[in-house]
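This briefing sets out the main features of one protein chain, grouped by topic. Please read it alongside the sequence and the structure shown below.

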Amino acid sequence: MPKPTCDCPATYTTYEEFWPYYVAMHSRASTRWAHLVGTTLGAATAAHGLVRLRKPSWLLLWPLMGYGAAWPSHFFIEQNNPATFGHPAWSLRGDFEMIRYMLTGRDAELSRIAASWWAEHAHEAAVEPIARPELPVG
């Protein structure tokens, strides 16, 4: 399947338009789980440092751990660029919304959103010679 570049999100003017694109860039469950683990562990580590150790500098560990887990999943699993490069604020909001979907048992819905976006926009992305396997829809 095609691999969109960082140029794709520049065309979106609202978060609501951006959201399906964001989910499509996280079409594989393993990518979504890498985001969930990195963001959650980063938040827990930052909270522990802030509350228990009274070291505000530990807040810096949150993005370091979150992006440290998330970005490699884009390069090695999804084989695309993180959406953060195009819209950092919307990507952070999307990360929290995606995690909320996962924690409330709606991961299959994320797969459907991703599959729908790919079906509608695959022709807009640069085509790669190796085809991507079909995405599970449910």
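In which loop does Arg54 lie? Arg54 lies in the loop between H2 and H3. The model discussed here is a predicted one. The protein chain has 5 helices and 0 strands, and from the N terminus on its elements run α-α-α-α-α.

**Overall architecture**

- Of the 138 residues of the protein chain, 41% count as buried.
- Among contacts in the protein chain with a separation of 6 or more, 70% come from residues 24 or more positions apart.
- The protein chain exposes about 7,600 Å², and carbon and sulfur atoms supply 66% of that area.

**The largest nonpolar core**

- In soluble globular proteins, nonpolar side chains tend to be buried together.
- The largest nonpolar core of this model contains 21 residues; Phe18, Trp19, Tyr21, Leu110 and Trp117 touch the most other members.
- Helix H1 (15–24), helix H4 (88–103) and helix H5 (107–121) each supply at least two residues of this core.
- H1 gives the most to the core, with 7 residues.
- Leu110 touches Trp19, Val23, Arg32, Met98, Tyr101 and Met102, when residues up to four places away in sequence are not counted.

- H1 is largely enclosed by the rest of the structure, because 7 of its 10 residues are buried.
- The buried residues of H1 are Tyr15, Phe18, Trp19, Tyr21, Tyr22, Val23 and Ala24.
- The cover over these buried residues includes H2, H3, H4 and H5.

**The largest pocket**

- The volume of the largest pocket is about 260 Å³.
- Its lining comprises 19 residues, of which Thr39, Gly66, Tyr67, Leu92 and Asp95 lie nearest the centre of the pocket.
- Helix H2 (29–52), helix H3 (61–78) and H4 each supply at least two lining residues.
- H3 gives the most to the lining of this pocket, with 7 residues.
- By class, the lining has 11 nonpolar, 7 polar and 1 charged residues.

**Asp95 in helix H4**

- Asp95 lies in helix H4 and is among the residues nearest the centre of the largest pocket.
- Asp95 counts as buried because its relative accessibility is 7%, and the cut-off for buried is under 20%.
- Leaving aside neighbours within four places in sequence, Asp95 is in contact with Tyr22, His35 and Thr39.
- Asp95 and Trp19 are 76 residues apart along the chain, yet their C-alpha atoms are separated by 9.9 Å.

**His74 in helix H3**

- His74 lies in helix H3 and is buried, with a relative accessible area of 2%.

**Loop residues**

- Thr84 is found in the loop between H3 and H4.
- Is Thr84 buried or exposed? Thr84 is buried, because its relative accessible area is 16% and buried means under 20%.
- Apart from neighbours within four places in sequence, Thr84 is in contact with Tyr67, Trp71 and Ser91.
- Gln79 is also found in the loop between H3 and H4, and its phi is near 60 degrees, a positive value in a residue other than glycine.
- Arg54, in the loop between H2 and H3, has a phi near 55 degrees, a positive value in a residue other than glycine.
- Arg54 is exposed, because its relative accessible area is 68% and the cut-off for exposed is over 50%.

Key
Residues are numbered from 1 along each chain as its sequence is written. This is a predicted model: local features need pLDDT of at least 70, side-chain atom pairs count only at pLDDT 80 or more; totals for chains, interfaces and linings use all residues. Side-chain values use heavy atoms; hydrogens and water are left out. A nonpolar core is a set of buried Ala, Val, Leu, Ile, Met, Phe, Trp, Tyr and Cys residues joined through side-chain atoms within 4.5 Å. Buried means under 20% relative accessible area, exposed over 50%, partly exposed in between (1.4 Å probe, protein chains only). Helices (H or I, at least four residues) and strands (E, at least two) are DSSP runs, numbered from the N terminus. Contact means heavy atoms within 4.5 Å. On a 1 Å grid over the protein atoms alone, a cavity is a set of points where a 1.4 Å probe fits but cannot get out, and a pocket is an open set with protein on both sides within 12 Å along at least five of seven lines; lining residues have an atom within 4 Å of a point. Grid points are joined across faces, edges and corners, and a volume is the space filled by probe spheres set on the points. Ala, Val, Leu, Ile, Met, Phe, Trp, Tyr, Cys and Pro count as nonpolar, Asp, Glu, Lys and Arg as charged, and the others, Gly among them, as polar. Accessible areas come from the Shrake-Rupley method with a 1.4 Å probe; for residues, only the protein chains shown count as cover.
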